[in-house]
Amino acid sequence: MAIHDVIGDCLTLIRNASKAKQPAIELKGSNLLLKLCELLRDEGYVANVKVTKEKPQKSIKVTLKYDNHRNPVFSSIRRVSKPSRRVYLAADDVKPVLGGMGISIVSTSQGLITDRQARKSKLGGEIICEVY
C-alpha cells in the first residue's frame with residue numbers, strides 16, 4: 001500500500017493509539033515527522049520522542065501521554081491542510097485554537113512552528129494540523 005499523506009497517517013496513528021491506550025507508537029522517520037512530533041512533545045501532548053534506528057531508515061518512537069484516569073491529554077488532533085485541499089493563511093489570519101487552549105502547527109519559511117510562535121514572529125504559512 002502506498003502512503004501519500006505521511007503527516008495525515010502520523011496524526012491518525014497517534015489518535016488511534018491514544019484511543020486504544022497504547023503506551024507508544026513507532027513511525028517511519030523523516031525530518032518533517034520528527035519536527036512535528038517534537039512540537040507535540042514541547043507543547044505537552046506526547047510524553048517523549050526518540051529516534052531509535054538510524055540506518056537504513058530512521059524510526060521514531062513516540063511515547064504517548066495520559067492523565068491520571070488514563071485518558072489522552074488531547075481530545076482532538078486533526079489534519080487541516082490536506083493534499084487535496086491546501087490551507088494557507090497570512091500572518092494576520094493565524095488565530096488561536098479554542099481561545100488559546102489548543103495549538104495549530106504551521107509550516108512556514110522558518111520550518112514548523114506553533115500558531116503562537118507564528119503570531120509572535122508575524123509569519124504565515126500552511127496550517128498543518130490543530131490539536132486541543
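Predicted model: local features only at pLDDT ≥ 70, side-chain atom pairs only at ≥ 80, totals over all residues.

User: Is Ser 104 buried or exposed?

Analyst: The relative accessible area decides this, and buried means under 20%. At 4%, Ser 104 is buried. Across the protein, buried residues make up 41% of the 132 residues.

User: How many Å separate the C-alpha atoms of Ser 104 and Cys 10?

Analyst: The separation is 16 Å, for two residues that are 94 residues apart along the chain. For the chain as a whole, take the contacts with a separation of 6 or more: residues 24 or more positions apart account for 61% of them.

User: Which residues have the most contacts inside the largest nonpolar core?

Analyst: In soluble globular proteins, nonpolar side chains tend to be buried together. In this model the largest nonpolar core has 28 residues, and those with the most contacts inside it are Ile 14, Leu 36, Leu 40, Val 62, Ile 105 and Val 131. Two or more residues each come from α1 (6-19), β1 (24-28), α2 (31-42), β2 (46-53), β3 (59-64), β6 (103-108) and β8 (125-131). The element that gives the most is α2, with six residues.

User: What is Leu 36 in contact with, leaving aside its neighbours within four places in sequence?

Analyst: The partners of Leu 36 are Ile 7, Cys 10, Leu 11, Ile 105, Leu 112 and Cys 129.

User: What pattern does the protein follow along the sequence?

Analyst: The pattern is α-β-α-β-β-β-β-β-β-α-β, made of three helices and eight strands. The radius of gyration is 15 Å, close to the 14 Å that the globule rule gives for 132 residues, so the protein is as compact as a globular protein of that length. Its C-alpha trace spans about 40 × 40 × 25 Å along the principal axes.

User: How many positive and negative side chains does the protein have?

Analyst: Count each set, then compare their centres. There are 23 positive and 13 negative side chains, with the centres of the two sets 3 Å apart. As for the surface, the protein exposes about 7800 Å², of which carbon and sulfur atoms supply 50%.

Methods. Residues numbered from 1 in each chain as written. Heavy atoms only, no water. Helix = DSSP H or I, 4+ residues; strand = E, 2+ residues; numbered from the N terminus. Rg over C-alpha atoms; globule rule 2.2 N^0.38 Å. Buried < 20%, exposed > 50% of the residue type's maximum accessible area, 1.4 Å probe, protein only. Contact = heavy atoms within 4.5 Å. Areas by Shrake-Rupley, 256 points an atom, 1.4 Å probe, with all protein chains shown as cover. Lys, Arg positive; Asp, Glu negative; His and termini not counted. Charge placed at Lys NZ, Arg CZ, Asp CG, Glu CD. Core = buried A, V, L, I, M, F, W, Y, C linked by side-chain atoms within 4.5 Å.
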